[in-house]
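Please walk through this structure with me, starting from one residue and widening the view to the whole chain.

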Amino acid sequence: MKRILTILVIIVVIALVGFRLMNNKKQIDAKKQMPDTTGVQISVNVAEVKSKASEKNLTLVGTVTANKVIDIKAEVAGTLTSVNFELGDQIRQGQVLARVDARVKSLAVSTAEQTLANAKQNVDRYTNLFKGGAATEAQLQQYQLTYDNAKNQLEQARKELNNTNIVAPISGVITLKPVETGAFVNVGASIGTLVDVSKLKVQLNVAERDVYALKLGDPVSLTASVYPGVKFEGKITFISPRGDDAHNYPVEIQLVNQSKNPLKAGTYVDVAFNRKSQVPTLQIPREALVGSIKDAQVYVVGANNVVKLRKVTIGGDNGTALEVLDGLKEGEKVVTTGQINLYDNAHVAVIQ
């Protein structure tokens, strides 16, 4: 009998514990249950999508390149008897950089001079014979042709002799020296690279929406992080009449290098075009942005004050405003405050 009572007591205790656990679960689930907000209007501020010109000067990042880069090549084959430069040397235009062994070329000039002298004697002799009727015109023409060929050969021989002296075509700095004295070079072999950085170029791509505001000769200001607070002045020297598939147009800027703050080729610079864009673009307040600029979205207020989350493409960043390239139309309204409480198809009450 006691055993039966004990079993009954255990069963009752288990049942009470199970009932209590089920009751607690219902209470927890009830607390977790979100209130039904269907039809509840969320208060938001909105702004109208407007088309207007940028209020910020156009600034882009470019890379400095040298005004001229010359790969100096040998024009005659032979052994280098001297190489008169080192890496980093400042070179003047016309300076002799290297010499190729000229002995064979000198002999060629002497031979060509003798050949020309002989040809000249023959022409003079047959000219007199022709005048006296002792030679035909065809014979005279043949010797005249031989004389002309000898003149050309002498000119070529002298040119090759002169080319044994390799001179600098421009002034600049030596940045590459692949040969040394005693090396044999063929025609077209590189003996060094000469870079002129007295003037510099910056080449960059400008978007279609901005390029129409630029003109040849427009002044630009350039700054580089390597020289904080220093400004470089340049001007636009080329605007391509043809853009790429992404509607970007190559633009070139030239500037004179500063002796006090010299820039090196390859340096990044910020280029300020010193003029505001004259081409209107769609703009929205920065506060309307949901997510990052690369993955931008905005809430758009539609009919009956129902909002839709829409993906947009952002162009320029003007500080307080963002340029929109795709995804919105002029006159549409985007939410600027209250986005944290919003979701697709939410009803909103527009405060302003």
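In this predicted model, Ile70 is found in strand E3. Its relative accessible area is 26%, so Ile70 counts as partly exposed. Leaving out residues up to four places away in sequence, Ile70 touches Pro169, Ile170, Gly192, Thr193 and Leu194. Ile70 also lies 9.7 Å from Ile174, C-alpha to C-alpha, although 104 residues separate the two in sequence.

Which residues does Val269 contact, leaving aside its neighbours within four places in sequence? They are Leu60, Val61, Gly62, Val64, Val202, Leu222, Thr223, Ala224 and Leu263.

The aromatic side chains come next. The count of aromatic pairs is 2. One of them joins Tyr126 and Tyr143, with ring centres 4.3 Å apart and 25° between the planes, and is stacked. This pair links distant parts of the chain, since Tyr126 belongs to helix H2 (residues 103-131) and Tyr143 to helix H3 (residues 137-162), 17 residues apart. Tyr143, at 27%, is partly exposed.

The rings of Tyr227 and Phe232 also pair, with centres 6.3 Å apart and planes at 50°, so this pair is tilted. Tyr227 has a relative accessible area of 22% and is therefore partly exposed. Phe232 is buried, because its relative accessible area is 1%. A ring is involved in a contact of another kind at Phe85: the charged end of Lys177 sits over this ring, 5.8 Å from its centre.

Strand pairing can be followed through strand E20, residues 333-337. Strand E1 (residues 42-48) runs antiparallel to E20, and 4 bridges join them. Within this pairing, Asn45 stands opposite Thr337 in E20. Strand E16 (residues 297-301) is also antiparallel to E20, joined to it by 2 bridges. Here Val300 has Val334 of E20 as its bridge partner.

The remaining values describe the protein chain as a whole. Its secondary structure consists of 4 helices and 21 strands. Of its 352 residues, 33% are buried. Among contacts in the protein chain with a separation of 6 or more, 72% are between residues 24 or more positions apart. The chain exposes about 22000 Å², and carbon and sulfur atoms supply 54% of that area.

How values were computed. Residues numbered from 1 in each chain as written. Predicted model: local features only at pLDDT ≥ 70, side-chain atom pairs only at ≥ 80, totals over all residues. Heavy atoms only, no water. Contact = heavy atoms within 4.5 Å. Buried < 20%, exposed > 50% of the residue type's maximum accessible area, 1.4 Å probe, protein only. Areas by Shrake-Rupley, 256 points an atom, 1.4 Å probe, with all protein chains shown as cover. Pairing = 2+ DSSP bridges. Phe/Tyr/Trp six-rings, centres within 6.5 Å; stacked < 30°, edge-to-face > 60°. Lys NZ or Arg CZ within 6 Å of the ring centre and 35° of its normal.
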